[in-house]
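Dear colleague,

I am handing over the structure below, and after it I set out what was found. Please read the notes alongside the coordinates.

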Amino acid sequence: MLFNAYTAPAAPDEVITLLGKQNNRIVAGNLWLRMSRRTGGTMIDLKNLGWDRIEETPDAYLIGASVTLHALETHPGLNAMTGDLFANGFRAVVGVQFRNAATVGGSLYMRAGFSDLLTMLLPLDASVLLYPEREIPLTEYARLAPAGELIRGVRIPKQETRIAYRALRNTSGSVPVLTCAAAVRNGCLCAAVGARPMRAVLLGGPGETKESLAAGVAELTYGTNRAASEAYRRHVAGVLFSRCIADITGKEARV
């Protein structure tokens with residue numbers, strides 16, 4: 001990666017203008033972009049926009065796009081609401097130095113199949129806050145192709161939720177072979193499965209049972225790559241789902 005210029009705009013409108021020019025890129029945490037072979041253009045840093053804070057309102061948590069994964073991992077309010085979802089879920093994501101650089105906005109914009117964050121957020125009824133002022137459900141955003149949109153943050157509503165997250169990695173610190181999160185939200189059971197190796201998807205809703213949701217997980221599309229085969233991923237999905245259900249119900253997993 002080699003850019004011709006660097007800038008840190010003080011207003012989001014400046015960022016929008018810069019993104020309209022060829023080869024200009026937002027660097028976010030600069031963890032994946034730095035490994036690319038892109039050349040030319042301007043490196044756009046969002047550090048001066050004030051989007052690096054987690055704010056609590058009476059009905060939601062608003063997480064800025066520049067908030068790091070480590071900030072989520074250590075936030076007392078979010079972890080209290082989710083039963084230490086982020087504290088436990090991010091522990092195996094490379095290391096603290098990586099998590100101190102990786103940002104929420106950069107992670108979600110990629111819609112990477114191996115994204116731990118995307119799988120964690122889907123069962124929480126999260127929505128993505130875009131600039132100019134627009135809010136879109138994460139379930140919808142996750143299906144879209146990246147189109148140069150500017151993410152200003154994520155909104156997680158406050159609601160009664162029990163959630164658990166599990167991921168399988170071939171080695172410590174590597175990207176996951178499969179990810180799974182299951183939750184009971186306002187009395188409804190749902191689950192997200194990612195690293196299939198496609199993007200995470202959300203299943204479930206009103207009237208869903210453990211048995212019907214397990215069947216839905218088994219029927220998802222899984223693929224083969226260097227990390228694992230389709231058959232292995234399908235088997236692991238069932239195991240991780242069972243363990244997530246055990247975590248939120250307090251019962252021993254049956255696999």
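This is a predicted model: local features need pLDDT of at least 70, side-chain atom pairs count only at pLDDT 80 or more; totals for chains, interfaces and linings use all residues.

The sulfur of Cys-190 lies 8.1 Å from the closest cysteine sulfur, which belongs to Cys-188, and this is too far for a bond, given that a disulfide is taken as a pair of cysteine sulfur atoms within 2.5 Å. The structure accordingly holds 0 disulfides, and Cys-188 is in none.

Residues are numbered from 1 along each chain as its sequence is written, and side-chain values use heavy atoms, with hydrogens and water left out.

Turning to the strands, these are DSSP runs of E with at least two residues, and helices are runs of H or I with at least four residues, both numbered from the N terminus; two strands pair if DSSP finds at least two bridges between them. Strand 5 (residues 60-64) has 4 of its 5 residues buried, so it is largely enclosed by the rest of the structure. Strand 4 (residues 54-56) is joined to strand 5 by 3 bridges in an antiparallel arrangement, with Ile-54 having Ile-63 of strand 5 as its bridge partner, and a hairpin of 3 residues connects strand 4 to strand 5. Strand 5 is also joined by 5 bridges to strand 8 (residues 150-157), again antiparallel, and there Leu-62 has Arg-155 of strand 8 as its bridge partner.

There is also an open sheet of 3 strands in the order 1-3-2, with parallel pairing. Strand 1 (5-7) and strand 2 (25-26) stand at its edges, each with a single partner strand, so one side of each is left without a neighbour in the sheet. Strand 2 is joined to strand 3 (residues 42-44) by 2 bridges, and the two run parallel, with Ile-26 standing opposite Ile-44 of strand 3. Helix 1 (residues 12-19) packs on this sheet and touches strand 1, strand 2 and strand 3, where contact means heavy atoms within 4.5 Å. The direction of helix 1 makes about 150° with that of strand 3, the axes being lines fitted to C-alpha atoms, for helices over the stretch in contact, and the angles running from 0 to 180 degrees between N-to-C directions.

With kind regards

Note on methods: Buried means under 20% relative accessible area, exposed over 50%, partly exposed in between (1.4 Å probe, protein chains only).
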